[in-house]
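Morning, everyone. Please have the sequence and the structure open while I talk.

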Amino acid sequence: MTATEQSKPVLRRREVVARILRDRKDALAITSLGNPTFDVASAGDCAQNFYLWGAMGGAVMVGMGVALAQPEKRVFVFVGDGEMMMGIGSLATVACHCPNNLTIVVIDNEHYAETGMQPAHAGRGVSITSVATAVGFTASHLVRTAAQLEDVIDTLYKHDGPVLVGVKVTTDPEPTSLPPRDGPYLRSRFREALMGAESHR
Ligand SMILES: Cc1ncc(C[n+]2csc(CCOP(=O)(O)OP(=O)(O)O)c2C)c(N)n1
Ligand SMILES: [Mg+2]
């Protein structure tokens with residue numbers, strides 16, 4: 001395989017997210033705006049999902065708060081590479097707090113797909129997984145193939161400490177998959193799933 005072939009992503013984002021969440025049990029999922037929200041909804045909308053329809057750059061910090069408040073549950077944050085770069089400093093904050101149940105999955109298409117596929121940092125030599133390592137993550141992996149994804153699944157669910165995995169995916173269009181958009185409804189649904197029906201009274 002040539003260097004050019006190797007650098008062209010082959011994984012489809014919907015398949016990657018569906019695989020990661022296949023055996024999620026009671027794991028929680030926080031998503032960044034746009035396509036990562038659609039990926040997670042496509043894998044199965046449920047009360048354990050909390051979608052951020054805005055707040056670009058904030059998803060990792062929301063996920064860290066949930067992880068610290070729910071130490072018995074695995075908390076996944078699915079973010080785009082653009083979102084992750086906007087909130088890149090949040091990785092340092094995660095490393096400082098070191099929640100042992102937080103897993104960040106960067107769906108890295110090297111573009112801002114949602115707004116028209118403008119080229120982003122990750123396609124210009126910026127390595128998000130290297131930033132995670134540099135700030136102190138003890139598990140940070142780059143995934144380019146289905147086999148590499150299988151190799152990290154256990155780590156994503158079981159690593160004792162924050163995990164970041166960057167998954168290089170294609171820019172191929174995916175089918176529309178729109179979950180509920182109503183913020184108060186999503187908040188109440190998520191809270192009830194964690195704390196019971198009386199929690200918001
Ligand atoms: C503060 C802010 N700046 C810009 C936008 C516009 N915007 C919405 S989604 C998006 C691109 C997100 O890219 P990425 O996180 O990589 O997700 P992708 O669609 O590529 O999967 C942008 C720039 C926004 N919503 N908020
Ligand atoms: Mg992107």
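Some ground rules. This is a predicted model, where local features need pLDDT of at least 70, side-chain atom pairs count only at pLDDT 80 or more, and totals for chains, interfaces and linings use all residues. Residues are numbered from 1 along each chain as its sequence is written, chains are lettered from A and ligands numbered from 1 in the order in which they are written, and side-chain values use heavy atoms, with hydrogens and water left out.

A word on names. Helices are DSSP runs of H or I with at least four residues, strands are runs of E with at least two, and both are numbered from the N terminus.

Start with helix α2, residues 13–21. Is α2 enclosed by the rest of the structure, or open? It is largely enclosed, because 7 of its 9 residues are buried. Buried means under 20% relative accessible area, exposed means over 50%, and partly exposed is in between, using a 1.4 Å probe and protein chains only. The buried residues in α2 are Arg13, Arg14, Val16, Val17, Arg19, Ile20 and Leu21.

Helix α8 runs over residues 146–158. α2 and α8 pack at an angle of about 45°, with their axes 10 Å apart. Axes here are lines fitted to C-alpha atoms, for helices over the stretch in contact, and angles run from 0 to 180 degrees between N-to-C directions. The two helices are therefore oblique to each other. On the angle scale, under 35 degrees is roughly parallel, over 145 is roughly antiparallel, 65 to 115 is roughly perpendicular, and the rest is oblique. α2 passes α8 in a right-handed crossing. Right-handed means that the near helix is turned clockwise from the far one by less than a right angle, and left-handed means anticlockwise.

Which residues meet there? From α2 come Val16, Arg19, Ile20 and Leu21, and from α8 come Leu149, Glu150, Ile153, Leu156 and Tyr157. Contact means heavy atoms within 4.5 Å. The residues of this contact divide into 7 nonpolar, no polar and 2 charged. Ala, Val, Leu, Ile, Met, Phe, Trp, Tyr, Cys and Pro count as nonpolar, Asp, Glu, Lys and Arg as charged, and the others, Gly among them, as polar.

Now α3. The axes of α2 and α3 come within 8 Å and cross at roughly 55°. α2 and α3 are therefore oblique to each other. This crossing of α2 past α3 is right-handed. On the α2 side, the contact is made by Arg13, Arg14, Val17 and Leu21. On the α3 side are Asn35, Pro36, Phe38, Asp39, Val40 and Ser42.

Next, helix α6, residues 89–97. Its buried residues are Ser90, Leu91, Val94 and Ala95. They cover an arc of only 145° around the axis, which puts them on the same side of α6. That arc is taken from the directions from the helix axis to the C-beta atoms. Why does such spacing work? An α-helix has 3.6 residues a turn, so residues three or four places apart point the same way. The buried residues of α6 pack against α4, α5, β4, α7 and β8.

Just after α6, Cys98 takes a positive phi of about 50°. Most residues other than glycine have a negative phi. Lys25 also has a positive phi, about 50°, although it is not a glycine. Lys25 sits in the loop between α2 and β1. Lys25 is exposed, with a relative accessible area of 77%. Met117 is not a glycine, and its phi is positive at about 65°. Met117 lies in the loop between β5 and β6. Met117 is partly exposed, at 32%.

Last stop: Ser140, in strand β7. Beyond its neighbours within four places in sequence, Ser140 is in contact with Thr129, Ala132, Thr133 and Leu164. Ser140 and Ile104 are 36 residues apart in sequence, yet 9.4 Å apart in space, C-alpha to C-alpha.
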